[in-house]
Amino acid sequence: MNNNWLGLTDKVVAITGAVGGMGTKFCEEFAKQGAKIVLIDMIEDKTQAYAKKLAEDYGVETLAVKCNTTSEAEVDAAVKAVTDKFGEIDVLVNTAAILRFSPFEDLRLDEWQTALNVNLTGYFLMSQRFGRVMIQQKHGAMVHISTVASRYPETYSGAYSTTKAAVNMMSKQMAAEWGQYGVRSNCVLPCLVKTPLSKNFYSDPEVEDGRKRLVASRRIGTLDDIANTVLFMASDRSDYTNGGEITVDGGLNMMISDMIPKPGGRRQYAIDNHQPAKK
Ligand SMILES: NC(=O)c1ccc[n+]([C@@H]2O[C@H](COP(=O)([O-])OP(=O)(O)OC[C@H]3O[C@@H](n4cnc5c(N)ncnc54)[C@H](O)[C@@H]3O)[C@@H](O)[C@H]2O)c1
């Protein structure tokens, strides 16, 4: 059996938000593939410690970079640190983002601007500066973690959905301009995933069951589900996918029709299974 089907061994993979719920998992899964991992996050001590642990656990080279992705100077310094150590950058996974809840009518300008800054400008700066290196090398893959909420508004989440919708378009623009240089840009759109951040939502079994009913695949997503897709999109195995939006939501966004009450006893899974059948 070919254990290196993805061909990620020795690839230089930079991951932002590296010590967050998803980033931690992505770093580990790329390390399992034998990739060289560049961990980028604002939380310096945690990032250093995790880089050390990955190197020990998986015998891979790692580099911890403390970087605020909204700072041009810090992003440029991160690019320099990576190219000084590894000479190239094969993969960039943009993960660092924030979600702050607020009814739209109460959203303050500074909250709006902060979300735009981290979720959109941060992705832009990382993509442009790491992308310049990829253009020079004439190869590279970028995977941007977006969300299904980029297509359907996440109510009361302030600017979150707007920023992620913009990320989807930014990714397409880079794909269109940089495909000619061998640089690909794709978005992964997760939804209903159990992460350290969202696990409280699932502590109530009724909430978990209610959510499962709305998903075509009838289960809540896991970090493995997202990481597997990210690794595939980062690898040459997805080489002809460029400018894509890959949903990883168990088919949740296909279910809108199933949620609409229908006459005449037409079968509906989400609703029929929520209420006891009428005798
Ligand atoms: N958790 C979910 O269920 C879910 C669902 C859909 C999409 N997403 C997306 O997945 C991504 C990761 O989510 P998560 O649950 O891991 O979040 P998280 O809050 O656990 O992790 C985010 C990480 O990003 C870092 N970070 C934040 N701002 C930064 C900045 N300016 N510069 C550098 N680092 C910064 C934080 O320090 C943290 O380590 C986000 O893009 C989010 O929109 C998450």
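Q: What covers the buried residues of α7?
A: First, some ground rules: this is a predicted model, where local features need pLDDT of at least 70, side-chain atom pairs count only at pLDDT 80 or more, and totals for chains, interfaces and linings use all residues. Residues are numbered from 1 along each chain as its sequence is written. Helices (H or I, at least four residues) and strands (E, at least two) are DSSP runs, numbered from the N terminus, and contact means C-beta atoms, placed from the backbone, within 7 Å. The cover of the buried residues of α7 includes β1 (12–16), α1, β4, β5 (140–145), β6 (183–190) and β7 (245–248).

Q: Which residues of α7 are buried?
A: Buried here means 20 or more other C-beta atoms within 10 Å of a residue's own, exposed means 12 or fewer, and partly exposed is in between, with C-beta atoms placed from the backbone. In α7, that picks out I226, A227, V230, L231, M233 and A234.

Q: Within what arc do the buried residues of α7 fall, seen down its axis?
A: The arc is that of the directions from the helix axis to the C-beta atoms. The buried residues of α7 line one face of the helix, because they fall within an arc of 165°.

Q: Which residues of α2 are buried, and what arc do they fall within?
A: Helix α2 (residues 44–58) has 15 residues and reaches 21 Å from first C-alpha to last, close to the 21 Å expected. Its buried residues are T47, Y50, A51 and L54. An α-helix has 3.6 residues a turn, so residues three or four places apart point the same way. The buried residues of α2 line one face, since seen down the axis they fall within an arc of 105°.

Q: Which elements do the buried residues of α2 pack against?
A: On the other side of α2, D45, K52 and E56 are exposed. The buried residues of α2 pack against α1, β2 (36–41) and β3 (62–66).

Q: Which element gives the most residues to the shell around the ligand?
A: Near means that a residue's C-beta atom, placed from the backbone, lies within 6 Å of the molecule. Of the 28 residues around the ligand, G17, G20, M22, A96 and A97 come nearest. The elements giving two or more residues to the shell are α1 (21–32) and α4 (109–137). With three residues, the top contributor is α1.

Q: How many residues in the ligand shell are charged?
A: Ala, Val, Leu, Ile, Met, Phe, Trp, Tyr, Cys and Pro count as nonpolar, Asp, Glu, Lys and Arg as charged, and the others, Gly among them, as polar. The shell has 14 nonpolar and 13 polar residues, and the number of charged ones is one.

Q: Is W178 buried or exposed?
A: W178 is found in helix α5 (residues 160–178). It touches G131, I135, V183 and S185, not counting residues up to four places away in sequence. With 20 C-beta neighbours inside 10 Å, W178 counts as buried.

Q: Is E105 buried or exposed?
A: E105 is found in the loop between β4 (91–94) and α4. E105 has 5 other C-beta atoms within 10 Å, so it is exposed.

Q: What is the phi of K138?
A: K138 is found in the loop between α4 and β5. K138 is exposed, with 10 other C-beta atoms within 10 Å. Although K138 is not a glycine, its phi is positive, at about 70°.

Q: What is the radius of gyration of the protein?
A: The protein has nine helices and seven strands. The radius of gyration is taken over C-alpha atoms, and the globule rule is 2.2 Å times the number of residues to the power 0.38. For 279 residues that rule gives 19 Å, and the protein is as compact as a globular protein of that length because its own value is close, at 20 Å.

Definitions and conventions. Expected span 1.5 Å × (residues − 1). Contact = placed C-beta atoms within 7 Å.
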